[in-house]
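Please read the following note alongside the sequence and the model. The points are numbered so that each may be checked in turn.

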Amino acid sequence: MGLPRPFAASPTSLLSTRLSLFLFVCLYSLIGGTLLAQTDASGQLRGRVLDHQNQTLPGAVIEIRHLEKGFTRNAVSQNNGSFQFQSLPIGAYSLRISMTGFAPVEQDRLEVALGGAAVIDFVLVPEELQFSESITVTSSRIKAFDITSTTTGLVLDTKRTETLPVRTNHNAVALLAPGAVQGDSDFGTGDLVSFGGASVGENGYYLNGLNVTDIRKGIGAIRYPWEAVDQIQVKTGGTPAEFGRHIGGVVNMVTKSGGNDFSFGVRTIWDPRDLTGKNPTAFWPDTDGNEQLIVNNSEDSEEWQDFNVFASGPIVKDKAFFYVLGNPRRYKDTYANANTFYDRKTEGDFWLAKLDWYINPNHSVELLGFNNEQETTTRSFDYSYNQGAGSGRGATYRDTGGDVWTVKYNWSVSETLNISAMYGKVEAIDNTRADNPDLPAYWDSRSGSWIRLGDWVAASINTKEDERTNLRVDMDWIVGNHSLRLGYDDEDLDIVDLTTPTGDGYYEYYRAEADNPYGLAEGTDYVDRRVFVRGGNTGTRSRSLYVQDTWLINDRLTLNLGLRNTTFQNTTSQGETYVDVSDQIAPRLGISWDPFGQGRTKVFANFGRFYMPVSPNTNVRMASGELDEHFVSYLLDVNPDGSPVLGEQIAHQVVSNGQVPASDRLFNQEAGPMYADEYMLGYQTQTKSGWRLGARATWRDLVQSIEDVSINYALNNWIDANMPGADHVGGWFPLLTNPGTDAVIPFDVDGDGTKEIIRLSADELGFPESERKYLAFEFSAEGRIGDSLLIASSYTWSHNYGNTEGLLRSDTDQADPGWTTSFDYPELMVNGYGDLPNDRRHQLKLYGSYRLPANWTLGFNSYAISGRPLNSFGVHPGTDCEDDCYGRIWYGAVSFFTDGEARPRGSAGRTPWQTNLDLNLAYKLELGRGALNLKAEVFNVFNFERATQLEEAAEFDSGANQPYYGQPTHWQEPRSMRFSVRYAF
């Protein structure tokens, strides 16, 4: 049983929210509360100073020095002997501890990693006893675990990833984490990550503290040069209160920076086209028994070239440093379907610059800027499988990326107080244009497979210009045995979108089945012309206040007490607020216990609540003026250019009329936010031989989601009962709400200028409550075998089930967060409860490296993962609909029915197990003043061809049986090779 559900949006102002948190902070201050210094782009160092009799020593002076940058910091041990350094730049430090009457102790090197704490205890011996044979002590003890943390995941620096055969991107690294699951291959580049059963659109991505999550859809992160990344932290559970706007996981990264030594380097990466394999090509008989080309991988080829030139060093020694990088990259690939061949080329000249200025020991400034613009040109050609590519049709052009920059100021007010402020912007355009924009798109499905007709090259033209502005202020404060961290996080999103069709719309040709939505005679040909236009400028604003208290009860027991309060607003293209949700109180509670007090064993438990704002994509789809209408007519013939010879019109369906709906009727006035609860219990230990072992149990519950639903059925029934004679609303009347709850909206039913307050019960609306559950048991082991072999392994058993995947929908390939077909009409959710697309019951991962003689290193990365559940989608039979059945008429084969029979979610079997092995061989040669690194990688060494997706539509939208239902449509990535050369001095 979780905490009570939060109330819906209330008139409580942000001022009262701030006051509540201020009082909360004051309360903790009165009882000795302090702030933990663990910023999202830095680390911390803490420990205790003891004497030879294990008694605490207050007043000892601890001096640390960053080995690369040269700056120093000082602290004094407290009454309990503890000391702590906050907001430290990551890297290696030397330490010196001194105290009058005691012999000083030094530690030559201690690594401070991203987002965590290095923990070390020092023992000082009185000067008169330092040479006594009866005194034997260890001067320093580095703890294996930070017992103050209940966050789980992994931290890797890029030096470690260089020894592993992983792709050079954050998602490939994140997939090394126990329990992380690869998302649907149709989303993004196919390597996105699902954490804890959440969809791949519910994660958070940060670079140097700046939110770099994809602005519009939240699917992955914006592009940046990987060579510039220093460390990456993957948070899979127990995320502290400073992080928000996510339900899944967090990928936190920090860039490289300069030091006191000048450095210069070059690197090139090459994926040769001729050494990349191909997935199978699939043929299957159509409804007439003729063999059709269904999936064509015969023309697949790709080649990737990535160049890097980088330099770093001091501007002023020990004070100011620079790091700059140029990253031109080139990507070429070809692919084809049944009758079109595509030749695509992508070019981008990325750059990045990082400046650090340590003004004095108390003040520093960081500047980061980069540009990730690139252009993609895709040329299309006539094509036949037997004859190959023919004459050209034209090309489409896509421009993406933009400027990203951030400035951060850090002020060490005192040894116990630190304040930082960060301000940054992310620009992301995605504009497309095409040759022959006057030609509409034609698709013919009458034979039982989709056939492209005509010489068109694009179905729509798009202009998308998005911008994120992010302001953060964080304060760290240390007093006594408590640690607090609090801050303010303000994020504004500005979304510009214009979508227009090519020609006069998008044409689809059908042949009616006996059970077709329009009551046509079987075998009748008809055409659906869809006109889809949208445009406008919308926005989203999110403001958060948080506080995180780490209470060190004693040297064995820690409590983590966090609270985050968020409010967010979404606006229409007319500038009106249509979503305003406040008081999203997110507690984060954790306990960590070291049963033996040696820092080698940790037992921990955690509870957290995580909120997800309404996606900016929903602004675009719901609140920006969207015209979506269908003209259904008899199809008399098809002209040689693919255009139809139209007969009499059968139907005219208006899904949305292009007008921006009134802002007060788009969001249920009694709805609350989307949120999930997480419960976690874990154990970690380090053996005497150095092996780290772990076990964790996790339960996640999506308590409440926000979905777009159509309430036309219930609203028309209300009109009949309360205002008979008034006009009914159309077949699509959207409302954002929490499925399974009551709804209240103002709406002028009779057109007299006065809005009636309409109350509809959950039973009247007919939607079930949204549910998504996740249960997992995870086991991990990491350590060395001998002096040369380093391995990390994990096994995870998990179960992900319910009636919604979340913001996305993998089983129908809908990368449209907040606007999928789920919950659109009640009939679409019938039989919708079962195993969800990210349910991978078993995961076994093993990766590591082996040091060979003569500076050679062998790296490996392998996994075995069970398949995901499958569905049998078809057209809704219409038996449980009142009058018009829009889930049947407009949606086609997305219901959990086949041939009119119920086929519950996930009941159609599973995809095969996936197994994979990647290898690399690296060689390091000292050359001149620098080092030359050569590496060859082989991905999918054994060229496994297990299917990752099967066709889940058992029927076409027309109601006809899908002849290739259940056949593979996607496979594991085929075997490929990558070569890289890096020289730095």
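1. Glutamine 548 has glycine 562 in E33 as its bridge partner. Strand E32 (residues 525–552) and E33 run antiparallel and are paired over 14 bridges. Strands (E, at least two residues) and helices (H or I, at least four) are DSSP runs numbered from the N terminus, and two strands pair if DSSP finds at least two bridges between them. Four residues separate E32 from E33 in the hairpin that they form.

2. This is a predicted model, in which local features need pLDDT of at least 70 and side-chain atom pairs count only at pLDDT 80 or more, while totals for chains, interfaces and linings use all residues. Residues are numbered from 1 along each chain as its sequence is written, and side-chain values use heavy atoms, with hydrogens and water left out.

3. On E33 itself, the next pairing is with E34, to which it is joined by 14 bridges in the antiparallel sense. Within this pairing, leucine 561 stands opposite leucine 589 in E34. E33 and E34 also form a hairpin, here with five residues between them, and glycine 575 in the turn has a positive phi of about 85 degrees. Of the 15 residues of strand E33 (residues 557–571), 14 are buried, so the strand is largely enclosed by the rest of the structure. Buried means under 20% relative accessible area, exposed over 50%, and partly exposed in between (1.4 Å probe, protein chains only).

4. Proline 595 is found in the loop between strand E34 (577–593) and strand E35 (601–612). Its relative accessible area is 17%, and proline 595 is therefore buried. Apart from neighbours within four places in sequence, proline 595 is in contact with Arg556 and Thr601, where contact means heavy atoms within 4.5 Å. The C-alpha atom of proline 595 is separated by 70 Å from that of glycine 753, which is 158 residues away along the chain.

5. A separate open sheet consists of four strands in the order E3-E2-E5-E6, with antiparallel pairing. Strand E3 (72–76) and strand E6 (102–112) are the edge strands, each pairing on one side only. Strand E2 (residues 61–66) and strand E5 (residues 91–99) are paired antiparallel over six bridges. Histidine 66 stands opposite tyrosine 93 in E5.

6. How many aromatic pairs does the model hold? The count comes to 36 aromatic pairs. Rings of Phe, Tyr and Trp (its six-membered ring) pair if their centres lie within 6.5 Å; planes under 30 degrees apart count as stacked, over 60 as edge-to-face and the rest as tilted. One of the pairs joins phenylalanine 83 and phenylalanine 122, which are tilted, at 6.3 Å centre to centre and 40 degrees between the planes. Phenylalanine 83 lies in strand E4 (residues 82–88) and phenylalanine 122 in strand E7 (residues 117–124), so this pair ties together parts 39 residues apart in sequence. Both phenylalanine 83 and phenylalanine 122 are buried.

7. Phenylalanine 321 and tyrosine 358 have ring centres 6.1 Å apart and planes at 65 degrees, so their pair is edge-to-face. Phenylalanine 321 belongs to strand E20 (residues 320–336) and tyrosine 358 to strand E21 (residues 340–360), so the pair links parts that are 37 residues apart in sequence. Phenylalanine 321 is buried, at 0% relative accessibility, and tyrosine 358 is buried at 8%.
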